[in-house]
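Have the viewer open as you read.

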Amino acid sequence: MTVAMPAQAAPAAPAAPPEIADAESAPDKATAAAIAEEYDHPVIDDSSLTETTTVEVLPDGTEQLTISAEPVRVRQDDGWVDVSTELAEKSDGMLAPTASPVQVEFSPGGTGPLARVQTTTGTWMTIASPLGELPDAVVDDSSVTYPEVLPGVDLRLTATINGMTEVLVIKTPEAADNPRLDEVRFGISGAKVADGQAAESATATAPDGSQLVSPSPMWWDSADGGDADGPGGAGLAQPIEAQNSAAAITVDASAPAEAQDVTYPAYVDPDFTGGTQAWTLVDSAYPNASYWLGSNRGADNQAHVGHINAANSPDGRAHTDRTFWQLKTEGLAGKHILNAHFNTQQLYSSACTSNVYNLWFTGMVDPNTTWNRQPAFIAPVSKTTLGPQRSNCAHQYGVGLDAMYVANWAAGNGAPHVTVGLTADNEGDWTSWRRFTSGASMTVRYNTPPGTPWGMNTAGQGCATTGPGPVLRHNDVNKISLAVLASDWDPGGVTVVFWVQDSAGRSVIPANPYDFINAGTKQNGVFDVKVPDGLPDGSYRWLSQAVDGIDSSGFSPYCYFQIRNAAPAAPVLTATVPTTTIVSVGTPMTVTLAQRSAADNVVGFAWKWGTSANAPTYTALPACGSDSQAGGIHYVCGSTATITVAPVDAPVGELTVWAFGEAKARSAPTTLRWSTMAQSPDNLYATAHQWTTDAGGPVPLAECDSTSTPVNCVADNNPHPDRATGQYPIAVPEGVTLGAEGTLNFASTAKTPMMSAPGVVVDTTKSFTVGGWMTPTVASTLHQTAISERGQTSSGFSLQLTPERKWSFVVSATTQNNAGRATVGTPITLGVPVYVTGVYDAINHELRVYQNGVLSATRAYRQPAGPTASLGFTLGSGFANGVAGDFYTGRIGNPFVVQGVLTPQQIQDVSSGGFFPGLD
C-alpha cells in the first residue's frame with residue numbers, strides 16, 4: 001500500500017560549524033575527537049583521566065589508552081596536577097609533599113610526632129620519634145634530615161610516590177656500636193600493628209579497615225656509590241630483624257656493626273607505604289621478605305629482575321629476583337585491541353651481556369607477596385632480548401615487551417586489574433641480574449594509518465627523483481637493494497611493499513601490477529628488498545607504499561636508476577719506460593691507464609705488482625684513491641689515470657691493472673712485464689747499517705763512542721768507504737745485556753731504550769728496509785716494539801709484536817700519530833727466533849712484512865707529508881705522543897736498516913745468513 005505524504009518546505013541551509021581552537025586536551029571525548037580531526041594530532045580526553053590512566057583520541061577517531069603502574073597525577077580541588085613529592089611547610093608547621101598520591105607529613109623538629117601517613121580512606125596513622133626530641137629539620141626537595149639524633153647518626157625521611165622512607169644514616173663504625181641502635185622503636189598510633197615476632201613485614205590497620213604496610217626493614221652501606229636513596233652497584237640490601245607489637249615496630253639497627261667490610265656511612269631503612277596501585281618484587285636470598293611498592297630497596301623504587309651469584313653479590317648471597325606490576329585495566333572492557341606493549345626502563349645490568357627476559361600474566365599481588373608466597377604464573381606473554389646498561393659498555397634504556405595477551409584478556413573479561421611479572425629466561429645465569437624503573441606502563445593502541453615512506457635509497461646511492469638515475473649492475477651475485485624509511489604508531493608494525501617499473505611505467509618486477517615485493521613488517525626504521533633477477537640493461541624506476549593491515553599510506557616518490565651489466569674491456573697501459581728495458585727494483589716509472597673506448601664508461605682502475613689469484617672488488621668511489629687496501633691492491637679514479645710505480649721483484653716485474661665500469665663491473669686484467677734486477681750492492685751498502693751484536697761482549701770504545709764515555713755499546717758496523725765505522729753506535733742501558741750467542745737481551749725491567757746518536761740513520765719518508773733476528777720471550781697486552789726510529793712526535797717506523805703475538809710493521813708521519821700498519825696473520829711462538837723484515841715502498845705506497853724470508857703481509861699505505869725521523873735509531877721501545885713506550889722483552893740479534901727496497905731474494909739471503917751482505 002502506498003501512502004501519499006504532504007508537501008513540505010525545503011529546509012534552510014545549515015549554519016557553518018563554529019571554529020574550534022587547537023589544544024592538547026579537551027574536557028570530554030567528543031570535543032577531543034573534533035580537535036584531533038581538525039588539527040591532525042592526538043588529544044587527551046580529560047573526562048577519562050585517573051591517577052594512572054590516560055586516554056587519547058587519535059585523528060581518525062579511535063582511542064589510545066596508556067596505563068601506568070604508578071600514579072602520574074593527583075587530583076587537587078577540581079583538576080589534575082602532576083605528581084610532586086617536593087616538601088612544603090603547612091600552616092601547623094608540619095612538612096608535606098605538594099602533590100602526592102599518598103599524603104605524608106614530617107616533623108619540623110621538636111617533641112611532636114615524627115611523621116603521619118594517610119591511608120586511602122583518609123585515616124591518619126602517626127609515627128612517634130624513636131630517639132626522643134628531634135633537632136631542627138633540614139629540608140632538601142622531597143627529603144628532610146634530622147642531624148645527630150644519636151652521635152654520628154642522622155635520621156632522614158623522604159616522601160615517595162607510595163608513602164615514605166625512614167633511613168638511619170650511621171656515619172662511622174663508632175656510631176654503629178651505640179647500644180641504642182640495638183632496638184629502635186617506632187611507636188604507632190591511629191592504627192593497630194599485627195602482632196608478630198621477628199617479623200619480615202608489618203601491616204598497620206586503621207579502625208575503618210584501611211591499611212599501611214611496612215615491608216621488611218633493610219640495611220646497606222656506601223659501597224659502589226650507595227647512598228641514602230639506595231644501594232649502589234648491584235643494588236642489593238640485606239634484611240634486618242624487626243619485632244612487631246600492637247603499638248610499635250622495633251628494628252635492630254645494629255646490623256652494620258656486626259657485618260664485615262662495611263663502607264660507611266651505612267643506612268637502615270624501615271618504610272611505610274600505601275596507595276591504590278601495586279608493584280612488588282621477590283628475592284630468593286630473603287624468601288620471606290616483602291618489598292611491597294619497592295620499599296627497602298632504596299627510595300628510588302627500582303625493580304629487580306634476574307639472577308646474581310654469591311661471588312658478585314655485595315652480601316655474599318646468590319639472589320634471584322622477579323618483579324610484578326598490577327595494572328588498572330577497567331578502561332579496556334569491550335575494546336577491540338589492535339596491539340599492546342608493556343614498557344619500563346632499564347637502569348642497570350650486572351654485566352655487559354645481552355639476556356632474554358619473559359613477561360608473564362600472573363595472579364594478583366599484595367603486601368604479603370614474598371619469594372615463598374608468589375602469585376601464580378598463569379600464562380607466558382612474551383620475551384625479549386635486552387642489551388646491557390652499564391657505564392663501561394653499551395647502553396639500552398627503554399624496554400618494551402608485547403602484552404597483547406594481557407590486554408585481550410582484560411578486554412574480554414572486563415577485568416578491573418591485571419598483574420604481569422618480569423623474569424629472566426635463564427635464572428641460573430648470573431649476568432641476567434638487572435634493575436628497572438618501577439614506573440612501568442602498558443600502552444594499548446588502536447589503528448593509525450601509516451605515513452608515506454620517505455628516505456628512499458637505491459643501492460646505497462640515495463634517490464634520483466628524475467631520470468635517468470645512477471648506473472648499476474644487477475645479476476644473481478650483485479643484486480640491487482631498494483630501501484625506504486617508514487613508521488607507524490601502531491605497535492603491530494607496518495609493512496612496506498615495492499614495485500619496479502620500466503621507463504614507460506609498466507610493472508616489470510613483479511610483472512603483475514597488482515602484485516608487489518614485500519619488505520616485511522616491523523615497527524619503524526629501514527625497510528629494504530633485493531630486486532629479484534630479471535632486469536636486463538635499461539632504464540627503470542621504483543616506488544613503495546606502507547600498509548599496516550588496515551590502512552595504506554600514500555605512494556612514495558619515484559626513484560630512477562639504470563642497469564648496465566656488461567663489464568668494460570681490459571684497459572690500455574702506456575709506460576714511460578719501455579718493457580724492453582731492464583729496470584732496477586725501486587726505480588720509479590710512470591704508467592698511464594686508459595679505457596679502451598668511451599663506450600666502456602670506465603670510472604676507475606685497480607692495480608698491483610705481480611699476478612693476483614684474488615681479483616679486486618671495486619670499493620665506493622670516495623675511497624678509490626686512498627691506497628687503503630690490504631694485499632697491495634691500489635685504486636685510482638677516472639676514465640684515465642697516471643700512476644707512478646716501481647718494480648718490487650727480480651728478475652721479472654709484472655704490473656697488473658683492471659678497469660671498472662659505472663656499475664663497478666670489473667674488466668679482464670692487462671699486464672706489463674719488465675726484466676728487472678736488484679739494486680746494486682754498492683748503492684745499498686752506502687746507506688746500510690748493521691749493529692753486530694755477536695761481538696760477544698763490550699765493543700772497544702774507539703769503535704763505539706767518539707767521546708770515550710765508559711759505557712758498553714753496540715757498534716754500527718759499516719765498512720763502506722763513504723761512511724765511517726761506528727757513526728751510529730748504540731749505548732747499552734741498564735736492563736739490557738749482550739748475550740754470548742750474539743743477541744741483545746732485553747729484560748722486562750728494561751724501560752730505557754737503546755738509542756743511537758741523534759741523526760737520520762734512514763730517511764723514513766723514502767723507501768727503506770729494516771730487519772733482524774727477533775726472539776720475544778714474554779706475552780703482553782701491549783705492543784712490544786723491537787726496532788724503531790724516533791721522530792718529533794712519533795716513531796717514523798716500528799717493527800713490533802702485537803698483543804696477539806703477530807709481527808707488525810708500522811710506518812707513520814713523525815709529526816702526527818697517523819700510521820699505516822701491515823700485520824702478519826699467524827701468531828709466533830714465544831722463545832723461538834724469527835727473522836723479521838719490514839719494507840716501506842714509498843713509490844708504490846706499500847708496507848710489506850717478511851718472516852724468515854717469506855712475504856707474510858702486505859698493506860697499501862700513503863704516508864702524509866712530514867719530516868723524516870731524526871732523533872735516533874732505537875732498539876727495545878717505540879715512541880708516540882712524545883713519550884717512549886711499548887717496551888720489548890726478549891732478544892734481538894744483528895738488526896740492520898738500509899735505504900732502499902730489498903728484493904724477496906735479497907731478504908731471503910739476509911735471513912739465511914743473519915747479516916746484511918758485506919757488513920760482517
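Asp886 sits in the loop between β69 (883-885) and β70 (890-898). This is a predicted model, and in it Asp886 has a positive phi of about 55° even though it isn't a glycine. At 33% relative accessibility, Asp886 counts as partly exposed.

You'll find Arg805 in the loop that runs between β61 (795-801) and β62 (807-813). Is Arg805 buried or partly exposed? With a relative accessible area of 31%, Arg805 is partly exposed.

Next, the cis peptide bonds. One goes from Gly467 to Pro468, with omega near 5°, and Pro468 belongs to the loop between β36 and β37 (471-472). Another joins Ala650 and Pro651, where omega is about 15°. Pro651 has its place in the loop between β50 (640-645) and β51 (652-661).

Strand β36 (residues 454-458) also holds Thr458. What is Thr458 in contact with, leaving aside its neighbours within four places in sequence? The list is Leu472, Ile480, Ser481, Leu482, Trp542, Cys559 and Phe561.

Ala688 is another buried residue, at 0% relative accessibility. Ala688 lies in the loop between α5 (681-685) and β53 (689-690). Its C-alpha atom is separated by 9.7 Å from that of Asp716, which is 28 residues away along the chain.

Now for the surface. Glu19, Asp22, Glu24, Glu37 and Glu38 gather there in a patch of negative charge. Glu38 is part of helix α1 (residues 29-39). Glu38 has a relative accessible area of 53%, and since the cut-off for exposed is over 50%, Glu38 counts as exposed.

Here are the relative accessible areas side by side:

| Residue | Relative accessible area | Class |
|---|---|---|
| Glu38 | 53% | exposed |
| Ala688 | 0% | buried |
| Arg805 | 31% | partly exposed |
| Asp886 | 33% | partly exposed |

Of its 920 residues, 52% count as buried. The chain exposes about 37,800 Å², and carbon and sulfur atoms supply 51% of that area. Among contacts between residues at least 6 apart in sequence, 66% join residues at least 24 apart.

Notes
Residues are numbered from 1 along each chain as its sequence is written. This is a predicted model: local features need pLDDT of at least 70, side-chain atom pairs count only at pLDDT 80 or more; totals for chains, interfaces and linings use all residues. Side-chain values use heavy atoms; hydrogens and water are left out. Patches are made of residues with over 30% relative accessible area and no salt bridge: like charges are joined within 9 Å, nonpolar side chains (Val, Leu, Ile, Met, Phe, Trp, Tyr) within 5 Å. Accessible areas come from the Shrake-Rupley method with a 1.4 Å probe; for residues, only the protein chains shown count as cover. A salt bridge is a side-chain nitrogen of Lys or Arg within 4 Å of a carboxyl oxygen of Asp or Glu. Lys and Arg count as positive and Asp and Glu as negative; His and the chain ends are not counted. The place of a charge is taken as NZ of Lys, CZ of Arg, CG of Asp or CD of Glu. Helices (H or I, at least four residues) and strands (E, at least two) are DSSP runs, numbered from the N terminus. Buried means under 20% relative accessible area, exposed over 50%, partly exposed in between (1.4 Å probe, protein chains only). Contact means heavy atoms within 4.5 Å.
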